[in-house]
Amino acid sequence: MKKYLETNIPKSELADLTSLAMNGVSMFAATLAIWSLTSNLQITNGFPVSAGVFSNWIVWVSVSVALWFSGKHISKAIRHSPERPRHIVVVQDLTLPSSSRDKTNIAA
C-alpha cells in the first residue's frame, strides 16, 4: 500500500494542531451565531445568509458547540495517549563561578 502523505510531524502534535484549529473555527461559528441572532433582533443591518438552514442562529450555536467539544475530546484523548512524549524540564544552576563571584563582590 502506498503512503500518500509522509510527514515528520508526530501524531500527537498533529492532533494538537487539529484541536487548536477546531477551537478557532468554533469561535468563528459562535461569532456567526451572535451576528445571526442580532440580525434577527434587528440590532445589526443584516446577515450574509438570509435564507436556508444556515440563516438560523441556533444552527451556528450547534456547530460551534460540536466543534468545541470535538476539539476538547481530541485534546484530551491525545493528552492521555501512551504515544505522547513526556517533556522533562531541566533547571540549571545559574550561580556564577567562584572567580566571577569574587570580581563582582569587590567593594568600591
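Among contacts in the protein chain between residues at least 6 apart in sequence, what percentage join residues at least 24 apart? The share is 59%, where contact means heavy atoms within 4.5 Å. This is a predicted model, in which local features need pLDDT of at least 70 and side-chain atom pairs count only at pLDDT 80 or more, while totals for chains, interfaces and linings use all residues. Residues are numbered from 1 along each chain as its sequence is written, and side-chain values use heavy atoms, with hydrogens and water left out.

**View 1. The protein chain has three helices and zero strands.** Along the sequence the pattern reads α-α-α. Helices (H or I, at least four residues) and strands (E, at least two) are DSSP runs, numbered from the N terminus. Of the 108 residues, 19% count as buried. Buried means under 20% relative accessible area, exposed means over 50%, and partly exposed lies in between (1.4 Å probe, protein chains only). The accessible surface of the chain comes to about 9200 Å², and 63% of this surface belongs to carbon and sulfur atoms. Accessible areas come from the Shrake-Rupley method with a 1.4 Å probe; for residues, only the protein chains shown count as cover.

**View 2. Helix 2 runs through residues 57–79.** Its 23 residues should span 33 Å at 1.5 Å a residue, and the end C-alpha atoms are 33 Å apart, which agrees. The expected span is 1.5 Å times one less than the number of residues. Trp60, Ser64, Gly71, Ser75 and Ile78 are the buried residues of helix 2, and what covers them includes helix 1. At the N-terminal end, Asn56 caps helix 2, with a side-chain oxygen 3.2 Å from the backbone nitrogen of Ile58.

**View 3. Ser36 of helix 1 is buried.** Ser36 counts as buried because its relative accessibility is 1%. A polar atom of the Ser36 side chain lies 3.4 Å from the backbone nitrogen of Trp57. This is a polar contact, a pair of N or O atoms within 3.5 Å; within protein, one must be able to donate a hydrogen and the other to accept it, and residues adjacent in sequence count only if both atoms are side-chain atoms. Not counting residues up to four places away in sequence, Ser36 touches Phe47, Ser55, Asn56, Trp57 and Trp60.

**View 4. Ser19 of helix 1 reaches Gly71.** The side chain of Ser19 is 2.8 Å from the backbone oxygen of Gly71. With a relative accessible area of 6%, Ser19 is buried. Gly71, Ile74 and Ser75 are in contact with Ser19, leaving aside neighbours within four places in sequence.

**View 5. A nonpolar patch lies on the surface.** Its members are Leu37, Leu41, Ile43, Trp57, Ile58, Val61, Val65, Trp68 and Phe69, with about 830 Å² of accessible area together. Helix 2 gives the most, with six residues. Patches are made of residues with over 30% relative accessible area and no salt bridge: like charges are joined within 9 Å, nonpolar side chains (Val, Leu, Ile, Met, Phe, Trp, Tyr) within 5 Å. A salt bridge is a side-chain nitrogen of Lys or Arg within 4 Å of a carboxyl oxygen of Asp or Glu.

**View 6. Met27 and Trp68 are 8.2 Å apart in space, C-alpha to C-alpha.** In sequence, 41 residues separate Met27 and Trp68. Met27 belongs to helix 1 (residues 11–40) and Trp68 to helix 2. Met27 is exposed at 55% relative accessibility, whereas Trp68 is partly exposed at 38%.
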